[in-house]
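This briefing covers one protein chain, from overall make-up down to single residues. Please keep the sequence and the model in view while reading.

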Amino acid sequence: SVTQGSVTVRPLPDCEGKTVTEVELEPGPETSWRVDLPAGEYELQVFARFEAADGRSGDASGSLGIVLDASQPPGIVPVPDTFVGC
């Protein structure tokens, strides 16, 4: 379970863009977040410290993208070949 962590949200493709929101991860196995951002593409940088039931602990980090487009149904989509990441 997560013991502490956060998600930092920045607009894409402006890799140096300022943070538009930050979400603190709740202790436990999951955190709910109601996305209230304008339509567009965003990078989510995730960091979390964790402890497992068997005593293992550590931290993990990663980045992922989210596209907000009210004209499209929610779902997982592949990254376009033309996408240039940070």
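**Charge and overall make-up**

The mean positions of the 5 positive and 14 negative charges of the protein chain lie 5 Å apart. Here Lys and Arg count as positive and Asp and Glu as negative, while His and the chain ends are not counted; each charge is placed at NZ of Lys, CZ of Arg, CG of Asp or CD of Glu. The model is predicted, so local features need pLDDT of at least 70 and side-chain atom pairs count only at pLDDT 80 or more, whereas totals for chains, interfaces and linings use all residues. Residues are numbered from 1 along each chain as its sequence is written, and side-chain values use heavy atoms, with hydrogens and water left out.

**Chain-level values**

- The protein chain has zero helices and four strands, where helices (H or I, at least four residues) and strands (E, at least two) are DSSP runs numbered from the N terminus.
- Read from the N terminus, the elements follow the order β-β-β-β.
- Along the principal axes, the C-alpha atoms fill a box of roughly 45 × 25 × 25 Å.
- Of the 86 residues, 20% count as buried; buried means under 20% relative accessible area, exposed over 50%, and partly exposed in between (1.4 Å probe, protein chains only).
- The chain exposes about 6,600 Å², of which carbon and sulfur atoms supply 52%; accessible areas come from the Shrake-Rupley method with a 1.4 Å probe, and for residues only the protein chains shown count as cover.
- Among contacts with a separation of 6 or more, 48% are between residues 24 or more positions apart, a contact being heavy atoms within 4.5 Å.

**Strand pairing**

- β1 and β3 pair in the antiparallel sense over nine bridges; two strands pair if DSSP finds at least two bridges between them.
- Val2 has Phe50 in β3 as its bridge partner.
- β3 also runs antiparallel to β4 (residues 57–68), and twelve bridges join these two strands.
- Bridge partners in β4 include Asp59 for Arg49 and Gly65 for Glu43.
- The hairpin formed by β3 and β4 has five residues between the strands, and Gly55 in the turn has a positive phi of about 100 degrees.

**Nonpolar core**

- The largest nonpolar core has ten residues: Val2, Val7, Val9, Val23, Leu25, Leu37, Tyr42, Leu44, Ala48 and Leu68.
- β1 (2–11) and β3 (40–51) each supply at least two residues of this core.
- A nonpolar core is a set of buried Ala, Val, Leu, Ile, Met, Phe, Trp, Tyr and Cys residues joined through side-chain atoms within 4.5 Å.
- Leaving out residues up to four places away in sequence, Tyr42 touches Val9, Arg10, Pro11, Leu12, Val20, Leu37, Leu64, Gly65, Ile66 and Leu68.

- Ser6 lies in strand β1 and is buried, its relative accessible area being 14%.
- Not counting residues up to four places away in sequence, Ser6 touches Glu22, Val23, Glu24, Leu25, Gln45, Val46 and Phe47.
- Thr8 is also found in strand β1, and Thr8 counts as buried because its relative accessible area is 12%.
- Apart from neighbours within four places in sequence, Thr8 is in contact with Thr19, Thr21, Glu22, Glu43, Leu44 and Gln45.

**Loop residues**

- Thr19 lies in the loop between β1 and β2 (21–24), and Thr19 is partly exposed at a relative accessible area of 35%.
- With residues up to four places away in sequence left out, Thr19 touches Thr8, Val9 and Arg10.
- The C-alpha atoms of Thr19 and Ser32, 13 residues apart along the chain, are separated by 19 Å.
- Asp54 is found in the loop between β3 and β4, and Asp54 counts as exposed because its relative accessibility is 53%.
- Asp54 and Leu44 are ten residues apart along the chain, with 29 Å between their C-alpha atoms.

**Asp59 in β4**

- Asp59 lies in strand β4 and is partly exposed, with a relative accessible area of 46%.
- Its contacts, not counting residues up to four places away in sequence, are Phe47, Ala48, Arg49 and Phe50.
- The C-alpha atoms of Asp59 and Ala48 are separated by 5.5 Å, although these residues are eleven places apart along the chain.
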